[in-house]
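Good morning. I will take a few minutes on one structure, going from its domains down to one pair of helices. Please have a look at it first.

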Amino acid sequence: MNEPEETHKEPAVLLSRVAEAVYWTGRYLERAETTARIIKVHTELYLDLPKSAGIGWTPLLAVTGSEEAYGLAHDGADEDRVVSFLVSSDENPGSLLASLAAARENLRVTRAVFPRETWETLNALYVDAADTCAHAISRRTRLRWTDEVVAGCQRISGALAGTMSHDAAYSFLRLGSHLERADMTTRVLDVRAGMPDDGPAQQEQPYADLLWMSVLRSLGAQQMYRRSVQNRVWGADVLRFLLRDRTFPRSFLHCLDAMEHCLGFLPNAELARAACIAAAQHVEGSRTASLSWGGLHDYVDELQLDLVRINDSLRDTYFHREPGERLRALASA
Amino acid sequence: MDWSRYPDAGFYDEIVSAGAPRPELAGFGRFLSEVSIDDLLDRQEAAELAVRAMGITFTVYGEQANIDRAWPFDVLPRVIAHEEWQRTQAGLAQRLVALNHFIDDVYGEQKIMSDGVVPADLITGSPNFRPECVGVSPPFGVWAHICGSDLVRDSDGTLYVLEDNLRVPSGVSYMLENRLVTKRVFPELFRDLDIHPVDDYPTRLLEVLCSLSPRQGERPTIGVLTPGVLNSAYFEHAFLAQQMGVELVEGSDLFVEDDVVYVRTIDGPSRIDVLYRRIDDLFLDPDEFRPDSVLGVPGLMRAWRAGNVGIANAPGAGVADDKAVYSYVPAMIRYYLGEEPRIPNVPTLLCRDDTVRRHVLDRLEEHVVKPANESGGYGVFVGSQASALERDECRRRVEADPTNYIAQPILQLSTSPTLCGGTLEPRHVDLRPFILTGEEQYVTQGGLTRVALQAGSLVVNSSQGGGSKDTWILDPAVE
């Protein structure tokens, strides 16, 4: 029998279809984790604030971009219905369980590139979360449930970091999770922009710093923010930290840096790299101090457009290629 | 456990004889005598949890809402003595050598037909005969690289080959997964007993696939060609690709240019050397077979005939996977090898013969009637269990298309103790070992034991309510 020769010239091929599914696995896993975080933080905030603050449960719908879908199914946003909608409702294609299910389906079609235990871990996470999702509704058990989902998602990220070759497939996974993470950071800021703003004098809103604090907590950022800023929490600093801090893993700029790093492992990355650099320059050049009391919503819209451009550049470069066109490219190479 | 209370339904039982575990099971027999039913039930529960956690699933067609089901698994293994298995392995290897000679002959000189051993019209008229393959000479003269043969044991204890699956046989991933589950739930037995390992199958399969590469000396690019996630065996396709470290590809990932097959990658097209195809012949290439196939790759057959891509199993190999052709396998063994078959066939009657057909139709209650070209247990008629209405229906179908039907005596399939509703009951089992043929041959240690979970049922297919067991080849001499 002819043994295949040991050669390391050619790395293993990565199918376009597989790359796309891996990318979406990364996005959906991150989305599930962030959804769990946001539900937890909003629950805690709701318990902290007096009823007169009137924060209600609609911000949760806004931050997950599911107001419209929710509006089709319900009128009135009470706690049980909003949480159940975000966690498990069949009417919500973006629910946490739907994200886990989508991650699982994408992983199923790409199992050949992932270490086997990843599939088992994700499968177990999905099965457990689906079995116990009633625990998310009751306040007594909710936080423990969301903590378990977050821990489950992190177990998968950790297992992948420690057991999967950091090759092109891994790069697509990380591109997906960082793009989703950057997107969620902008969404959280956008919801804050929809609440009463600080105003230049800052004293006008009694709960302003609680609200900014909860923005930080939604992204798991409060402790790292404290270490970095060492000051009372106020809008301009939070914005600078979440948008421009290069070291905090959920800051917008850090996510862009990470994506650019991932692109270093991929062929033909010029288009996507240019899109990343453009977005990074955009956020580096902004005046975050003034944004904390006006104009944040429009600014966040621009950042989200930047992310759409990165997503599209990946799609155009890697996921949908016509054979004829590619053969010509091969011939000219 | 008190085995004297285990029901004796009059069949050969794989584990129990005369109210006690068979003496040849040695150490495993002692375990069975000492273990309590509660202990077994605990282990069954642990096994079911493991199946769920490991995500071992199969898919049932026609259930749109929930396509995925947990793999039905019975924790008590089926055991075969090492000595018997050695004889069986040799018989299976012999069979596959003859079958590959036959397929090569059918698409080549057709000597077995001109010598009158196998009727020519049975072959050329078969829906599995592919004129597109005539004149092709695949490497080593091998067409059926992967075969799953079904073995059954009759009441006298003899193992028979019931059929040879040469198209896209499935089940090997479940054989491997069953072992993983059993090791989790019976760890002490794997320490104490000499149970032969099964896990080298993916490596052996990869070796066969590599040997088919048209670019020998270079590292080949290999793909498992799957119809996609909706196929009932998708779990297995993904599993094997993962275990071998090769690509799992769908037809839409591939294209053919100048008779060379390419796969679309993030870095442009990359040449594919070997495809382990898990789609049927007729869907392989819309240019030559079904033009409406979206699963296949236009031009794939041309690339294969040009010798630019290896395909396993070779297109056309299914010509020998036909229950009418099956009846000639013993004759093939004598014709090509000059040997006597080491494992017997189940006696098979071809309904295309008028006298035979009359005999069968007059005694339907004594026969199993099967369509010659179906797999997965579809269309099987068991005379002893059929109503008068069903017998009439069977008679009509056979009369309308006699060539497509064969009849066999109703075998008293052996049983094996199976957990059913909290107790152990005898349930009918079969066994599907897998045989790899390339330059060399390999037969699995045991195979996939399938079990009919319904009392009295003979249908073991998972698509029709069957379950499975781990299969142990035990060497009692080593303890």
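Predicted model: local features only at pLDDT ≥ 70, side-chain atom pairs only at ≥ 80, totals over all residues.

Start with how the two parts sit together. In the contact between them, 25 residues of domain 1 of chain A meet 23 residues of domain 2 of chain A.

Which helix gives the most to the side of domain 1 of chain A that touches domain 2 of chain A? That is α1(A), with 16 residues. On that side, α1 and α2 (58–63) of chain A each supply at least two residues. Sorted by class, the side of domain 1 that touches domain 2 in chain A has 16 nonpolar, 4 polar and 5 charged residues.

Now to a helix pair. In chain A, helix α1 (residues 16–48) packs with helix α5 (residues 96–108) at an angle of about 155°, and their axes are 8 Å apart. Angles over 145 degrees count as roughly antiparallel, so α1(A) is roughly antiparallel to α5(A). The crossing of α1(A) and α5(A) is left-handed.

Who makes this contact? From α1(A), the residues include A:Trp24, A:Tyr28, A:Leu29 and A:Arg31. From α5(A), they include A:Leu96, A:Leu100, A:Asn106 and A:Leu107. The residues of the contact of α1(A) with α5(A) divide into 11 nonpolar, 4 polar and 1 charged.

That is my part. Thank you.

Technical notes: Residues numbered from 1 in each chain as written. Chains lettered and ligands numbered in written order. Axes fitted to C-alpha atoms, helices over the stretch in contact; angles between N-to-C directions. Helix = DSSP H or I, 4+ residues; strand = E, 2+ residues; numbered from the N terminus. Parallel < 35°, antiparallel > 145°, perpendicular 65-115°, else oblique. Left-handed = near helix turned anticlockwise from the far one by under 90°. Contact = placed C-beta atoms within 7 Å. Nonpolar A, V, L, I, M, F, W, Y, C, P; charged D, E, K, R; others polar.
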